[in-house]
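Trainee: I would like to go through this model feature by feature. Please give the general idea each time, then the case at hand.

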Amino acid sequence: MDKAIPEEKLREGLDRIVREVTEASAGIALVRGEEKPSDHICTVHIGFRRGFRSSLSFRADAALFIRLAQSMLNVEHVTPEDLEDVGKEYFNVLCGHIAAALYKATHVSARFSVPSFYWESYSPKDHTEQFVIRYSSGPREAAELVHHIPAPRAGDGGTQ
């Protein structure tokens, strides 16, 4: 993604998709912010397997994942398994919208991995964060979408 679309345009498109999908699927309005998620965080991550060499992570306070699961399952009490299942499904839907938008903009067909869920902050090895978009949806509900690109390897002159 880093070469196919200018970074600012990519950032704007990802931001729009994250907010639209989150509102439509869970009724949660995310607003741009500067607050980082707390230490009680969960991460959902995917890597593009075809079309692009980057990956995406959605890291958020557990409170936001709880509210997401409650809304999407229409229940008050959720289990850790519910959080993981809903987190993966939410991110799968989100990334489907992202892949469709990328195809529309670049005519490159993107395929991504099955989402992985972590009970902590996660970043893939051998990647660096190209940019982070931060959100808030209420008290103790900070989140961030992270776009990861392959880290430069020693001896390649820093190019990718």
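Trainee: Which residue forms a salt bridge with glutamate 144?

Mentor: Side chains of opposite charge can pair when their charged atoms come close. A salt bridge here is a side-chain nitrogen of Lys or Arg within 4 Å of a carboxyl oxygen of Asp or Glu. Glutamate 144 pairs with arginine 134, and their closest N and O atoms are 2.9 Å apart. Glutamate 144 lies in strand S7 (residues 142-150) and arginine 134 in strand S6 (residues 127-136), so the pair ties together parts ten residues apart in sequence. Salt bridges with shared partners join Arg59, Glu129, Arg134 and Glu144 into one network.

Trainee: What do these values rest on?

Mentor: This is a predicted model, so local features need pLDDT of at least 70 and side-chain atom pairs count only at pLDDT 80 or more, while totals for chains, interfaces and linings use all residues. Residues are numbered from 1 along each chain as its sequence is written, and side-chain values use heavy atoms, with hydrogens and water left out. Helices (H or I, at least four residues) and strands (E, at least two) are DSSP runs, numbered from the N terminus.

Trainee: Is glutamate 144 buried or exposed?

Mentor: Buried means under 20% relative accessible area, exposed over 50%, and partly exposed in between (1.4 Å probe, protein chains only). Glutamate 144 is buried at 7%, and arginine 134 is buried at 19%.

Trainee: How many salt bridges are there by this rule?

Mentor: The count is ten. One of them joins glutamate 7 and arginine 11, with 2.8 Å from N to O. These two are four residues apart in helix H1 (residues 7-26), which means a separation of about one helical turn. Glutamate 7 is partly exposed at 31%, whereas arginine 11 is buried at 18%.

Trainee: Which residue forms a salt bridge with aspartate 15?

Mentor: Arginine 32 does, with the closest N and O atoms 3.4 Å apart. Arginine 32 is in strand S1 (residues 31-32) and aspartate 15 in helix H1, so the pair ties together parts 17 residues apart in sequence. Arginine 32 is partly exposed at 43%; aspartate 15 is buried at 7%.

Trainee: At what angle do H1 and helix H3 pack?

Mentor: Two packed helices are described by the angle between their axes and the distance between the axes. Axes are lines fitted to C-alpha atoms, for helices over the stretch in contact, and angles run from 0 to 180 degrees between N-to-C directions. H1 and H3 (residues 80-106) pack at about 140 degrees, with axes 10 Å apart. That makes H1 oblique to H3, on a scale where under 35 degrees is roughly parallel, over 145 roughly antiparallel, 65 to 115 roughly perpendicular and the rest oblique. Contact means heavy atoms within 4.5 Å; residues making it include Leu10, Leu14 and Ile17 of H1 and Tyr90, Val93 and Leu94 of H3.

Trainee: At what angle do the axes of helix H2 and H3 cross?

Mentor: The axes of H2 (residues 62-73) and H3 cross at roughly 80 degrees and come within 9 Å. H2 is therefore roughly perpendicular to H3. Among the contact residues are Phe65 and Met72 of H2 and Leu83 and Val86 of H3.

Trainee: Where is serine 137?

Mentor: Serine 137 is in the loop between S6 and S7 and is buried, at 17%. Serine 137 touches Ile28, Ala29, Leu30, Leu64 and Arg67, leaving aside residues up to four places away in sequence.
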